[in-house]
Amino acid sequence: MLAPSVVILAIISIVPLFYMIYASLMNYTLNPDQPVFYQLHNWLSVLRDATYWHSWGRTVVFVVVGLAVELLLGTGLALAIYHIPKGRNLVATLWMLPLFVAPIVTGLLGRFLLNTTYGMYAWLLQCIGMNTDILGTTSTAMPAIILMDVWEWTPLITIIVLAGLQAMPEEPLEAADVDGASYWMKLRYVILPLVKRAIVVALLIRSMDILRYVDTILITTQGGPADSTKTVGYYLVQVAFQFQDFGRAAAIGLTMLVVTIFLGKSFIRIFARGEE
Amino acid sequence: MMEQTRAGRKRGALGTAVLYVIVVIALIWALLPIVWMVLSSLKTQAGMFSMPPKFLFKPTFDTYRQMFSASGGFGHYLWNSVVASVLSTAISLVLGTLGGFALARGHFKRGKDLSFWVISTRMAPIPAVMLPLYLMFSKLGLIGTMTGLVFAYTTFNLPFALWIMMTFFKDIPPALEEAGMVDGCSKFQAFWKITLPMAAPGLVATGILCLMFAWNDYSFASVFTSTATQTVPVAASLLVSQEGVQWGQAMATGTIIILPMLIAGIFVRKYLVRGLSMGAVK
């Protein structure tokens, strides 16, 4: 029963992988459509490319800042929802709605809301004296992109942590109550350790996904202004589909895969621990 | 119920009020953009751009009517989106269910490597997947075809379905199938008549999530489709990248993209955590 899926899976994953390794060793453009062996030229040019390293730098900022904000807000809100006496389900359902919004629509909405002449959020910012074109200014474009990610994906952290909170055993908390622990002590020494696995899972899933999508950047800033939102994923799209330098793009893509595989390995380790 | 008493213990009315204020602020932040998009799609072109924002107005469906008129051609994109997501979901569900069952029950020598391979296929960055597929598709003449797009969506939906169905099957005790086989079922009959019906809710949830991943895709469709096979998200992006941004239509298109998914998402809410955490949180 496994055979058909393994065959298809091989076609959709192993064949492209080997094709990408092949492409990374070729001088590969579609015009003329005859790749020539290029030795390690693509690899060397990628590793010497300052734009490439800068795009990784921005990716790290995007991932670290984005995930930190999502983790704090997501966990905080999970605790808040967990502790409200009534309407927990309704709140959780409404709060998770952004998860279903296509990333491209998130980007569209970001552009619409931040438009300097008729955007509602831009208008609100103008009311408090901020007149900058958020997506058109180097210092504010990346924070805006991060906030779009935060808007869409913080609910994922919340629902994963909330599920962890709801699965918590009673006894440790009761014991803490008997010992007269304050809420903060309970949070620090009982609740957070108990939901640690849920938090780690949420972080790993998010870090793989944050590297996975480029939709919002494609539709809003296209890496600009002045490269300020050019993450490595967007750079890859640009090298491949704008510059049509497929060999170099393949080398960039393979380096991204290495990072994903590392994250995937960690996920499997955590997953296996939960299975026991 | 237990949780309710535990949560409510030892906290005054003030604490509870603060919690509600936090929750309400969070909900406004989460929902305002969505509400604003839907409202904007129901406004006239002039009404859309008036600031300060208006929440009360006489709604008009003109934008939608125009999009779905013969010259608007929107129905065609909608059809493409439906075909691509339904086909890739169907393929992924059939193969993923069989494979997931085999993976859950079988004792493969390299089962761990196999499952790692499945998860890394699902998690690979989209640009890195798009690139080799694009090069291969151009050689095979699949660029701009529905076949190519369905194939591209299957690259992420099949590993997802396989993995999640595996976690659902692992929850069902194999003893039930064994009992069926003692009574004369074949191995496949035992799977088909006993295990699969028990996994039905999981199967529905997996299917809806597969539909959502394909339906919400923009990157793949932007590279792999032509005018004839364009999907709704691509149509949405063209509305704002051409000269003279068509915000009315863009907001209406956005509304059409998200509404079915919001409804479907609420429907599978119970399985959502599990689906979106790749089965690591139940």
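Here are legends for a set of close-up views of this predicted two-chain model.

**Before you look.** Residues are numbered from 1 along each chain as its sequence is written, and chains are lettered from A and ligands numbered from 1 in the order in which they are written. In this predicted model, local features need pLDDT of at least 70 and side-chain atom pairs count only at pLDDT 80 or more, while totals for chains, interfaces and linings use all residues; side-chain values use heavy atoms, with hydrogens and water left out.

View 1. Chain A holds 13 helices and 2 strands (helices are DSSP runs of H or I with at least four residues, strands are runs of E with at least two, and both are numbered from the N terminus). Its C-alpha atoms fill a box of roughly 75 × 60 × 35 Å along the principal axes. Of the 276 residues in chain A, 57% are buried (buried is under 20% relative accessible area, exposed is over 50%, and partly exposed is in between, using a 1.4 Å probe and protein chains only). The accessible surface of chain A is about 11600 Å², with 67% of it belonging to carbon and sulfur atoms (areas come from the Shrake-Rupley method with a 1.4 Å probe; for residues, only the protein chains shown count as cover). Chain A carries 16 positive and 17 negative side chains, and the centres of the two sets sit 3 Å apart (Lys and Arg count as positive, Asp and Glu as negative, leaving out His and the chain ends; each charge is placed at NZ of Lys, CZ of Arg, CG of Asp or CD of Glu).

View 2. Chain B has 15 helices and 0 strands. Its C-alpha atoms fill a box of roughly 70 × 70 × 35 Å, again along the principal axes. Buried residues account for 56% of the 282 residues of chain B. Chain B exposes about 12300 Å², and carbon and sulfur atoms supply 70% of that. As for charge, there are 21 positive and 9 negative side chains in chain B, with the centres of the two sets 7 Å apart.

View 3. A salt bridge is a side-chain nitrogen of Lys or Arg within 4 Å of a carboxyl oxygen of Asp or Glu. In chain A, α10 (196-212) and α13 (246-275) each supply at least two of the patch residues, and α13(A) gives the most, with 3. B:K112 sits in helix α6 (residues 111-123) of chain B and, at 59% relative accessibility, counts as exposed.

**View 4. A nonpolar patch on chain A.** A:I14, A:L17, A:F18 and A:I21 form this surface patch, with about 330 Å² of accessible area together. One of them, A:I21, belongs to helix α1 (residues 2-24) of chain A and is partly exposed, at 35% relative accessible area. An α-helix has 3.6 residues a turn, so residues three or four places apart point the same way.

**View 5. A mostly covered helix in chain B.** Helix α13 (residues 232-241) of chain B has 8 of its 10 residues buried, among them B:V232, B:A236 and B:L239. The buried residues of α13(B) pack against α5 (103-114) and α11 (215-219) of chain A, and against α5 (74-105), α11 (200-215), α12 (219-224) and α14 (247-267) of chain B. In helix α14 of chain B you'll find B:T253, which is buried at 1% relative accessibility. Leaving out residues up to four places away in sequence, B:T253 touches B:M67, B:F74, B:V232, B:A236 and B:L239 (contact means heavy atoms within 4.5 Å).

**View 6. An enclosed helix in chain A.** Helix α12 (residues 232-242) of chain A is largely enclosed by the rest of the structure, because 9 of its 11 residues are buried. These include A:Y234, A:Y235 and A:Q238. After α12(A) comes A:Q244, with a positive phi near 55°.

View 7. B:W36 lies in helix α2 (residues 13-41) of chain B and is buried, at 1% relative accessibility. Setting aside neighbours within four places in sequence, B:W36 contacts A:F112, A:L113 and A:M120, along with B:K43, B:M51, B:P53, B:K54 and B:F55.

Notes. Patches are made of residues with over 30% relative accessible area and no salt bridge: like charges are joined within 9 Å, nonpolar side chains (Val, Leu, Ile, Met, Phe, Trp, Tyr) within 5 Å.
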